[in-house]
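Notebook open, viewer loaded. I want to go through a pocket and then a chain interface, jotting things down as I look them up.

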Amino acid sequence: MGTPQLSIDGLSVGYGRRKIIENLSLPAISGGAVTALIGPNAAGKTTLLRALAGLVPAKGSIRLDDTELTALSVAGHARHVTYMPQALPQRVALTVFEATLSALMSARADAISTAEAHERALHALDRLGIADLALRGLDELSGGQRQLASLAQSIVREPTVLLLDEPTSALDIHHQLRVMQLVAELARERGIIVVIVLHDIAQAARYAQRIVLLEQGTIAADGSPDAAITPATLARVYKVEARVERCSHGTLQVIVDRAV
Amino acid sequence: MSELSPHTQQLSAYARLVRRRVLIVAGLGALMLVAMLFDIATGPSNLPLADVISGILSPSSLDAPARVIIWEVRLPYALMAVLVGAALALAGAEMQTILNNPLASPFTLGVSSAAAFGAALALVLGMSLPFIPTDWNLPAFAFLFAFASVLLLQAMARLRGTGVETLVLFGIALVFTFNALVALVQYVASQEALQQLVFWSMGSLARSTWAKLGVLGLVTLIVVPFSLKASWRMTALRLGEDRARSFGISVARLRFFSLLRVSLLAATSVAFVGTIGFIGLVAPHIARLLVGEDHRFFLPGSMLAGAVIMSLASVASKTIVPGALLPVGIVTSLIGVPFFIALIFSRRERL
């Protein structure tokens, strides 16, 4: 089995009569790398991600290798794809461990034993460095810790396609970098497809191998960070005057001068 | 995995947590038994507790009046209190989870209003159903309307998409509609029928019989395994609807069947004892404070907490005014509120 490929063809998504995404096609997204979805507010980033997760009805085709995902049931979808929503649960009297466990126990497609579920849940928490929080209540955690707990609920399912909606929005700079590194590692190690919505353009440029820049439900740019993030695309899509430069360490930096 | 797990420490800590929760649930069960014994032992005719216990264990040892008191009055009332408490609490716990709303109770969506309207039709307009014995006519009407209101709600929500807010809004609309209809029937009712209707809607255990106990017991017995089977899915739903769906849970299906269970439990309870508020709201909160929201413990914990409160309320309803049996629906709130507030305060201190 080679690296998985996710291809999107003629995808239209809307809520009721309002179309958010119309007839969108993307060259195949490959496993083993991180693909970042960026774009201004209301560009359709979250909608596209939710459509890939099978959470909104969509017309067109979303294929994972030879499987047409749009034809699958909720349970069938969940075997391949896991989605981490941006909104975190409020006031929930569950421990971090129980929440992670519920990701495995609530819909056991491939019947794993309870002991195995316990091991896998703790392994996921370990991976994110929050194993010591296992028995703390979700409602006792800081925003950042809660986001890490939420990420644990996603990676514990070991999906082929991992969809993350702004997983670093509540994290301090240290945790932001740790989570992005970890996500990149997971993509490389397991050869999985990671699609991640990010607000921070520089962070996307640094950790993603591919950038998809969305504007009002259409693709404004698609390619390597160098190709997709340029002063011209930023001016067009974000309406800002910006410089894109390589710093002394060779990483891409976006310096925004002013809004236009 | 035969090698020693690197997570032994966390796993044993979790095992301790689970053990503690099992103990708490068992403790609630024991408390329920004690409360029930007290309930059986309380009443206008002073039977000593020892006589009550021996009378239950060997009915033949009792003289005839004591046997009638214990077996035809005290025992059915006490069992009905426990069953209704458990059923309403389970309904409330499921409701709060599937509607993601800590203020939800079985009556939020109009179940009791619909039941009251059914009762009003039977009492005031003298309507009757074919093939139903006369003393079952009123509960049958109440049940039918309560159950139908939830089905109507489901149908409307289905037409408009199954969002939580839609369900709650339709539910509120139903509450107001049925309340208006009840008021309309009350307006044309005779003095006597009006009095009966008001008394009915207060909720009382005095309508308990062994046959009704059997029906409610059967309904509860059928519903509970399905609730427990859904417990992991409901736990996952607490993490958010998108989250649960991305775990592979069909939330619409989960919600549909849960509402069906809720309506069966609430409609049967209301039909037999009338409106008993508060239990369905408060018992889940108590269980949540005691055992958290892992629904494997939360659902049984809620049921037992509901049974305990209802039993204590039944004791209180017999003792507050000596010699009189107050409608238990009045007492549940009176006894439940201080208990509830005490719990909230004790939690604040810990935080």
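Predicted model: local features only at pLDDT ≥ 70, side-chain atom pairs only at ≥ 80, totals over all residues.

What volume does the second largest pocket have? I get about 590 Å³ for the second largest pocket.

**Interface of chain B and chain A**

I moved on to the contacts. I count 28 residues of chain B in contact with 41 residues of chain A.

How much area is buried between chain B and chain A? My entry reads about 2,900 Å², and carbon and sulfur atoms give 63% of that. In chain B, the residues losing the most area to chain A are Trp232(B), Arg243(B) and Phe247(B), which together make up 23% of what that side buries. I keep the area in these notes because the size of an interface is often given as the accessible area lost when the parts come together.

**Polar side of the interface**

I then checked which helices of chain B supply at least two residues each to the side that touches chain A, and got helix H1 (8-41), H9 and helix H10 (241-246). H1(B) has the largest share of that side, six residues. By class, the side of chain B that touches chain A has eleven nonpolar, eight polar and nine charged residues.

**Salt bridges**

How many salt bridges are there over all chains? My search of the whole structure turned up 18. Between chain B and chain A the count is two.

I looked at the pairs by name. Arg21(B) forms a salt bridge with Glu98(A), and the closest N and O atoms are 2.2 Å apart. Asp242(B) forms a salt bridge with Arg50(A), where the closest N and O atoms are 2.8 Å apart. That pair crosses between chains: Asp242(B) sits in helix H10 of chain B, and Arg50(A) in helix H1 (residues 45-52) of chain A.

Methods:
Residues numbered from 1 in each chain as written. Chains lettered and ligands numbered in written order. Heavy atoms only, no water. 1 Å grid on protein atoms, 1.4 Å probe; cavity = no way out; pocket = protein on both sides within 12 Å on 5 of 7 lines; lining within 4 Å. Points joined across faces, edges and corners; volume = space filled by probe spheres on them. Contact = heavy atoms within 4.5 Å. Buried area = accessible area lost by both parts, 1.4 Å probe. Salt bridge = Lys/Arg side-chain N within 4 Å of Asp/Glu carboxyl O. Helix = DSSP H or I, 4+ residues; strand = E, 2+ residues; numbered from the N terminus. Nonpolar A, V, L, I, M, F, W, Y, C, P; charged D, E, K, R; others polar.
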